Amino acid sequence: MRDSVKDKLDPRILAITIIVALFEFETFAFAKGVVKFAKQDAWISVLLGGLIGLAGTFLLVKLAERFPKENFFQFNKKIWGQPLAFIIAVASLVYWLGYLVILYKDTSMATEYFFLKRTPTLIPMALFAGVVLWLAVYGLTSIVRFFQIFVWFLILPLIFVSILFLSAVDFKNFFPVMSHGILPVILGAVYYAGALQGLEVILFLMPFISDTKKTVTPALIGTGTVFLITFVHIIGAVGILGVERVQKEVYPGVATMTIPEIPGMMGDRYELFLTLPWITGVFATIALFTYLVSDGFGQIFNIKYKKAIVIAVSLLIITGAFLIPNLAWASMLRENLNFITFSFVYILPIITFIITAIRKKRGTNE
């Protein structure tokens with residue numbers, strides 16, 4: 001891979017990276033999972049989960065700032081020691097591989113459901129993997145710069161969709177408030193916070209940032225943008241479809257788009273506005289995590305043939321996606337993954353930061 005820490009990036013690019021990394025398939029289906037736990041109080045869960053996400057973002061930035069020239073796998077050895085750092089790194093790779101397998105499976109099923117009903121699922125997955133391979137071998141800075149182009153194809157349609165959602169919301173669907181108690185709301189918040197897979201990219205992008213002291217604001221802007229858009233999506237899903245229908249729909253975000261109407265407009269297939277951001281978000285997230293997994297294997301096991309690693313990882317992920325038999329299995333695995341994500345993105349960094357502060361560990365700026 002053609003990475004070099006001499007290839008510096010502006011701190012503001014962290015906002016774009018987080019936005020593109022967090023928006024993937026789950027963004028258009030997470031409402032079903034949150035509503036499953038919190039029912040009509042799902043909007044409260046998303047508010048709490050969003051605050052958790054913002055707090056986690058701040059913590060990740062502060063942890064990475066202490067080691068501005070090293071990524072997570074490198075500075076973790078100084079904090080946890082060699083044996084524990086190795087276990088944490090391998091566990092992270094397994095977690096990312098599982099995430100990519102589920103993401104590929106979700107993508108292939110959605111592609112078959114909406115676009116290519118008679119096309120073998122291997123074909124779109126192979127196309128995704130081929131383009132991802134081409135991008136990942138150029139390194140993290142190239143991927144992030146590619147995100148600068150992609151972000152507009154992601155954000156602009158989602159802003160239009162958000163405006164359309166708010167025009168058709170029935171606020172009666174949000175009452176009574178807190179009728180099921182606080183525990184379902186908390187579970188929904190944890191589920192939503194766990195759906196923010198991708199925040200950990202902060203721990204790997206920091207060595208490429210030109211001024212790490214200016215990264216807090218861009219990082220919070222990135223997470224905050226995702227939070228605001230997904231909050232509108234949960235308001236739209238519950239406020240337009242209602243709790244019962246959200247739980248029955250396979251893709252609540254798409255189903256929500258079939259209800260609103262724009263006076264004077266001839267068409268009524270507004271769900272097509274989700275197609276571009278969905279494909280954009282999924283591709284960008286797959287490219288990012290394929291790089292992280294491949295580069296992680298190279299770092300941990302000292303493998304020099306990086307392109308071969310990317311190919312092997314892609315083949316392993318596609319094989320794993322084929323082993324998931326159906327949508328029910330994919331949904332169950334996704335739900336469990338969101339709770340596992342909470343451990344890797346929030347709990348582990350918190351413990352790491354506490355140990356770092358107690359032991360007064362810092363990296364060098366040279």
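How many helices and how many strands does the chain have? In this predicted model, the chain has 15 helices and zero strands. The radius of gyration is 20 Å, close to the 21 Å that the globule rule gives for 366 residues, so the chain is as compact as a globular protein of that length. Taken along the principal axes, the box filled by the C-alpha atoms is roughly 60 × 45 × 35 Å.

Of the 366 residues in the chain, 55% are buried. Contacts tell a story about sequence distance: among those with a separation of 6 or more, 87% come from residues 24 or more positions apart.

K105 sits in helix α5, which covers residues 82-114. Is K105 buried or exposed? Its relative accessibility is 13%, and because residues under 20% are classed as buried, K105 counts as buried. Which residues does K105 touch, once those up to four places away in sequence are set aside? The partners of K105 are A321, I324, P325 and A330.

Notes: Residues are numbered from 1 along each chain as its sequence is written. This is a predicted model: local features need pLDDT of at least 70, side-chain atom pairs count only at pLDDT 80 or more; totals for chains, interfaces and linings use all residues. Side-chain values use heavy atoms; hydrogens and water are left out. Helices (H or I, at least four residues) and strands (E, at least two) are DSSP runs, numbered from the N terminus. Buried means under 20% relative accessible area, exposed over 50%, partly exposed in between (1.4 Å probe, protein chains only). Contact means heavy atoms within 4.5 Å. The radius of gyration is taken over C-alpha atoms; the globule rule is 2.2 Å times the number of residues to the power 0.38.
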